[in-house]
Amino acid sequence: MKKTLSFLFCLLIVASAWAYVDDALSFAYEAASPYVKKGFSVREDAWGGDLGVKDQQAVQAQLFKGNEYWFCLGTDVKGAVLSVNIYDSKGNLINVETTRAGRLSSVRVEPSRTGTYYAIVTVHKSPVERTGWALVYAYK
Amino acid sequence: MPNILNAVLAAGLLAIAITPLHAQKPPETVDFSSFPAQSIDDVVVPVPSEVFIVLDKLGNPNWRSELRDSLGRQSGNRAQVALLLGTVIAEGFVAVEAEDSEKVKDIGRRVLTLSKAINVEKAVLERSKSITDKAEVKEWIAVRKEFDGALQDVKAAMQELGDDDLAQLVSVGGWIRGTEVLTSIIRKNYTTDSAELLHQPALVNFFTNKLDNLSNKRLAEDDLVDRIRKLLAAIAPLIGEGEGDAIPSENVTRIHKMTRDTVAAIAAKGA
């Protein structure tokens, strides 16, 4: 019985974690939708997780010179303030344009080299301890 | 005058109010060595079209000539089927570039057959139908999105079944076929700009780590998997050490031959 309860408890934690990543993902796709109208293709693959206030997560991306990219970040937490910034492999900021509206933040980049880049997600403030986030990107 | 003063004051207060944390300028540089390893996520594997559209901008590749006549044969070996599935989905992206409706539809059907062989047919049933419908009306951007979706759905279904290793093989298979096509086009009209598209060290490292750490012993010891480990080790020094390093045409040709032979081996495994 104890084992069953523990299992159910773990299942509940996993399920709720997925639930908020799913919600955040919906917001990330919402952030990307204006760019679809501008000819960008949004990837179906995505990054996501949860972070505490002031925490950061870096995600690696293979970008190609000649393409334009929008990285779109969403969160499921109302009132949370998150940002996403893109850096090259040497740690230099390469943001070209940024936008933010409510739970959605986006940044546009035009890589000058083909290679590895890093998107850094930061939770600046949040009304909750752990803030769910999801990041998608679109390319053209 | 007090009104103007009040207005200026109000504007000042408003400016402070709307300059919250998010408006802070991000740092111009960061030191990744200070990032804890667990705070850096794995790379997302790009779909072939991300690099194909750059080739379109650089020239006018003959995509139709890059399409394979045969999509290969499947065996009872799950590793081979997963790798083959990856190459077939990558072929879908080539067929979209070639705007070849019949080929796209054929590939959509083949994705379904291969998915059935590894018990993830349900996950791609809708995608396969959608690929056929959208290819029929030549909605190429939508077809491209469906192939991307099919790839993610297949991988997610495999992970749900506890077959994460197999999901990685689908990605690797797609990347190898994508690289074969990429190098085929570059070597026909070599420029340093086009060759730079091969500079993908994070992906090569990612796949190498995944294949070195397969939890399924049978997959880890599979001949094709071993062959791909060797392929990745051989490609790593050929794709430029640093960003912007020139990748000579000889390297492009070598990578092309290696990836072509590996795709042929994957496709012939069941023959």
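Helices (H or I, at least four residues) and strands (E, at least two) are DSSP runs, numbered from the N terminus. With that convention, chain B of this predicted model reads along its sequence as α-β-α-α-α-α-α-α-α-α-α-α-α-α. Residues are numbered from 1 along each chain as its sequence is written, while chains are lettered from A and ligands numbered from 1 in the order in which they are written. Because this is a predicted model, local features need pLDDT of at least 70 and side-chain atom pairs count only at pLDDT 80 or more, whereas totals for chains, interfaces and linings use all residues.

**Chain B as a whole**

Select chain B and display its C-alpha trace, which spans about 90 × 45 × 40 Å along its principal axes. The chain holds 13 helices and one strand. Of its 271 residues, 44% are buried, a residue being buried if 20 or more other C-beta atoms, placed from the backbone, lie within 10 Å of its own, exposed if 12 or fewer, and partly exposed in between. Two residues are in contact if their C-beta atoms, placed from the backbone, lie within 7 Å; among contacts in chain B between residues at least 6 apart in sequence, 75% join residues at least 24 apart.

**Two helix pairs in chain B**

Next select H4(B), residues 78-98, together with H5(B), residues 101-117, whose axes come within 9 Å and cross at roughly 165°. Axes here are lines fitted to C-alpha atoms, for helices over the stretch in contact, and angles run from 0 to 180 degrees between N-to-C directions. That angle makes H4(B) roughly antiparallel to H5(B), since angles under 35 degrees count as roughly parallel, over 145 as roughly antiparallel, 65 to 115 as roughly perpendicular and the rest as oblique. The crossing of these two helices is left-handed, the term for a near helix turned anticlockwise from the far one by less than a right angle, with right-handed used if it is turned clockwise. Showing side chains brings up the contact, to which H4(B) contributes residues including B:Leu84, B:Val88 and B:Ala95, and H5(B) residues including B:Val104, B:Ile107 and B:Leu114. By class, the contact of H4(B) with H5(B) has 13 nonpolar, two polar and three charged residues, where Ala, Val, Leu, Ile, Met, Phe, Trp, Tyr, Cys and Pro count as nonpolar, Asp, Glu, Lys and Arg as charged, and the others, Gly among them, as polar.

Move on to H7(B), residues 140-160, and H8(B), residues 164-188, which pack at an angle of about 155° with their axes 7 Å apart. This again is a roughly antiparallel arrangement of H7(B) and H8(B), but here H7(B) passes H8(B) in a right-handed crossing. On H7(B) the contact is made by B:Leu151, B:Val154, B:Lys155, B:Met158 and B:Gln159, and on H8(B) by B:Asp164, B:Leu166, B:Ala167, B:Val170 and B:Gly174. These residues divide into six nonpolar, two polar and two charged.

**Where the chains meet**

Now display both chains and select their contact, which takes 35 residues from chain A and 39 residues from chain B. On the side of chain A that touches chain B, the elements giving two or more residues are S3(A) (56-63), S5(A) (81-88) and S8(A) (115-125), and the largest share, seven residues, comes from S3(A). The residues on that side of chain A comprise 11 nonpolar, 17 polar and seven charged.

**The strands of chain A**

From S3(A), step to S8(A), which is joined to S3(A) by eight bridges in the antiparallel sense, with A:Leu63 partnered by A:Gly115. S5(A) is likewise antiparallel to S8(A), over eight bridges, and there A:Val84 has A:Val121 as its bridge partner. Eight of the 11 residues of S8(A) are buried, so this strand is largely enclosed by the rest of the structure.

Finish at S7(A), residues 104-109, where five of the six residues are buried. Six bridges join S7(A) to the antiparallel strand S4(A), residues 69-75, and A:Phe71 is partnered by A:Val107. S6(A), residues 97-101, also pairs with S7(A) in the antiparallel sense, over five bridges, with A:Arg100 facing its bridge partner A:Ser105. The hairpin of S6(A) and S7(A) has two residues between the strands, and A:Gly102 takes a positive phi near 60°.

Definitions and conventions. Two strands pair if DSSP finds at least two bridges between them.
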